[in-house]
Amino acid sequence: MSGTVMRLGGRTFDFAREVAVMAIVNRTPDSFYDRGRTDALDAAVAAAGRAIADGADWVDIGGAKFAPGPPIPVAEEIDRVVPVVAALAGSGAVISVDTFHAEVAREAIAAGAHVVNDTTGLSDPEMAGVLVGTGAAVVVTHSLASPRTPFPSPRYDDVVGEVAAFLRDRVAKAEAAGVASDRIIIDPGHDLNKHTLDSLELTRRLGEIVEIGYPTLVALSNKDFVGESLGRGRGERVEGSIAAAVYAVMQGARIVRVHNVRETVDAMRMIGAIEGWREPVFLEHNR
């Protein structure tokens, strides 16, 4: 099991009293939210810089979305993500690469990435070896489909219990392969091979995932379960996403992966002020 303190790159997080905001930057022409607005290298680097300026602790660089579609050649995925990682090296932010390919992870880590964000729960048998060899941290995420393939109409008897069992199994395999427990983060994978009621239940019962004992990441931002819950389109889900993130943090999540950085940073800082984890920026009212 992992403790509450995690060192990533040059940053130290005490997850007993701190929440990290992870900004999403995708170099994909078909990303579900930005529809390719950050596909070009300069646009991706600029978006990452804005996210850091807006208070992001962490930037997650992706070159191939999880959703079904034609396979992205490994060399092409490397060409998409590695230049962005290299451009951000020395920025002071934690850098992760969103990939399920061990070779992409290896090249991104060599360029300066600190974390592998694997939405397939270490489906590549070579991934654990890359993690052990480099000392990089990993996000182990629950999903059921093979990469880039459809998984229609998922059904669970108990979605939270089954997700927790999957995560425990994949974490145990990673540790057996030599990945240190203090390099592991878990993510229940909202909306990944799950329908809206599943994702709502995962959020409601997130404490059962947190109890597994590793820092818990939630990727809720602008997802379909938010849109379907509110009847909102893709560009109208900021408030619902932040509400879900706040609820998740109060259940014990400590990393939130988001598109809308400034708004989420303020929400997380407000939680910190209420909980007494951080001081207000200034004190004037009724002084």
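Leaving aside its neighbours within four places in sequence, with which residues is leucine 220 in contact?

The structure is a predicted model, in which local features need pLDDT of at least 70 and side-chain atom pairs count only at pLDDT 80 or more, whereas totals for chains, interfaces and linings use all residues. Residues are numbered from 1 along each chain as its sequence is written, and side-chain values use heavy atoms, with hydrogens and water left out.

The chain contains ten helices and ten strands; these are DSSP runs numbered from the N terminus, helices being H or I of at least four residues and strands E of at least two. The radius of gyration, taken over C-alpha atoms, is compared with a globule rule of 2.2 Å times the number of residues to the power 0.38. Because a compact globule of 287 residues would have a value near 19 Å, the 18 Å of the chain agrees with that rule. The C-alpha trace spans about 60 × 45 × 40 Å along its principal axes. Of the 287 residues, 53% are buried, a term that denotes under 20% relative accessible area, with exposed meaning over 50% and partly exposed in between (1.4 Å probe, protein chains only).

Eight strands form an open sheet with parallel pairing, in the order β8-β7-β6-β5-β4-β3-β10-β9. At its edges are β8 (184-187) and β9, each of which pairs on one side only; pairing requires that DSSP find at least two bridges between two strands. Within the sheet, β5 (residues 94-98) and β6 (residues 115-118) pair in the parallel sense over three bridges, and aspartate 98 stands opposite asparagine 117 in β6.

Most residues other than glycine have a negative phi. Asparagine 222 lies in the loop between β9 and α8 and has a positive phi near 60°. Asparagine 222 counts as buried because its relative accessibility is 0%.

Leucine 220 also belongs to the loop between β9 (217-218) and α8 (224-230), and its 3% relative accessibility is why leucine 220 counts as buried. Beyond its sequence neighbours within four places, leucine 220 is in contact with His190, Thr203, Phe225, Val226, Ser241, Ala244, Ala245, Ala248 and Arg257, where contact means heavy atoms within 4.5 Å.
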